[in-house]
Amino acid sequence: MAETTQQLAILPLDAWHRARGARMVPFAGYAMPVQYEGVIAEHLWTRESAGLFDVSHMGQLQIAGPNPAAAMERLLPGDITGLKPGRVRYSLLLTDEGGIVDDLMVTNAGDHLYVVVNGATKWDDLIYLREHLPPATEIRHLQDHALLALQGPRAVDALERLVPGASDLTFMQAGQFEFAGQAVGISRSGYTGEDGFEISIHADDAQALADALCGQPEVKPIGLGARDSLRLEAGLPLYGHDLDRDTTPVMADLTFAIQKRRRAEGGFAGAMRILAELENGPAQKRVGLNVEGRQPVREGARILDAEGEEVGRVTSGTFSPSLQRPIAMGYVATPLSQPGTALKLEQRGKLFEASVTPMPFVPHRYHRKQGA
């Protein structure tokens, strides 16, 4: 990688990771833990119990000023003005052409919006927001905060012992809590497909929280390697791989992020193209791929039709620890996006049999509100 140790930013928990035997690698401009015990073991532990991920490289923003929700709706296709206090919504920052600048999470925090953006794009996102939002809109970058993700079916047990009341949250709900007398913002969300929480805390207090969480019998620290395989099993796209400025929300199969009111009213960046694609269909579409054999097919592999013509590219691929077989996602010509469609994948001159499959590969286990 082009990044060197001297150029890398340091996470608040850098020494904490190293003390636990983490192998650190460059990612999004930071030195980050890729694994501790091993990717497969960490992946399966998260699916069975609870894993603690350090995602402090991500950008935490507060958007305030006169009607920040309406201001953000100029750039996002989601219904932000209709977002109730304490609720969280996945959305997309868009170009005027309908391409995806970033995917992000927006929380109605009462007097402001709390927005989490990807670490690799946060500085460009800040520039984009400052250029495109009204001058009166305030953007605060919480650089003095860490962000931890506690994921897995037993995450709720571990967190409730330390932060009473956190278990009352349901999927995509957030609130303010206290840990050891310090303020923490917690949302019931994450990017593994499992139940779990994301916890924002001042960087000075992050080590105490990480120690307390990993002191619970359910919790182990988990690295980037397992985070990637978990999100791929869950069918969740990764910006810079499965999403970019040449991709629209409709191509990316993220139309759930365009709420009914926005479809009817438009008024967001790229609306003309996106609404046309909603009506007529896009030229390409993101799909899941089951791959025959045992060898994973990686990003960049060509996707071929029955005649051997290239019809798309793989954007993410791995060997699924949960399913014990290779899986991938990529973009194909829309007529070939139906489940069951037989395709071939070409990687380094070798051909692999594959078929289109619905996602997620592993069912989501979010803690939803009763009846939702």
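Two strands count as paired if DSSP finds at least two bridges between them. Helices (H or I, at least four residues) and strands (E, at least two) are DSSP runs, numbered from the N terminus.

The model is a predicted one: local features need pLDDT of at least 70, side-chain atom pairs count only at pLDDT 80 or more, and totals for chains, interfaces and linings use all residues. Residues are numbered from 1 along each chain as its sequence is written, and side-chain values use heavy atoms, with hydrogens and water left out.

**Stop 1**

Strands 11 and 12 form a hairpin with two residues between them. In the turn, Ala-180 has a positive phi of about 50°.

Strand 12 pairs with strand 13 in the antiparallel sense, over four bridges. Here Ile-186 stands opposite Ile-199 in strand 13.

**Stop 2**

Buried means under 20% relative accessible area, exposed over 50%, and partly exposed in between (1.4 Å probe, protein chains only).

Now centre on Ile-199. Leaving aside neighbours within four places in sequence, Ile-199 is in contact (heavy atoms within 4.5 Å) with Ala-146, Leu-147, Leu-148, Leu-159, Val-184, Gly-185, Ile-186, Leu-209 and Leu-213.

**Stop 3**

Select 9–10 and 23–27, the edge strands 1 and 2, each pairing on one side only. They belong to an open sheet of three strands in the order 1-3-2, with mixed pairing. Strand 3 (residues 30–35) runs parallel to strand 1, joined by two bridges, and Ala-9 stands opposite Tyr-30 in strand 3.

In the loop between strand 2 and strand 3, pick Ala-28. Its phi is near 55°, a positive value in a residue other than glycine. Ala-28 counts as partly exposed because its relative accessibility is 24%.

**Stop 2: the cavity**

Which residues line the largest cavity? Select Met-32, Pro-33, Phe-53, Asp-54, Val-55, Ile-222, Gly-223, Leu-224 and Arg-227. Strand 3, strand 4 and helix 7 (224–233) each give two or more residues to this lining. By class, the lining has six nonpolar, one polar and two charged residues.

**Stop 3: around strand 20**

Select Arg-348, in the loop between strand 19 (342–347) and strand 20. Arg-348 has a positive phi of about 55° although it is not a glycine, and is exposed, with a relative accessible area of 87%.

Finish in the segment after strand 20 (350–357), where Pro-360 is found. A cis peptide bond joins Met-359 and Pro-360, with omega about 5°.

Note on methods
1 Å grid on protein atoms, 1.4 Å probe; cavity = no way out; pocket = protein on both sides within 12 Å on 5 of 7 lines; lining within 4 Å. Nonpolar A, V, L, I, M, F, W, Y, C, P; charged D, E, K, R; others polar.
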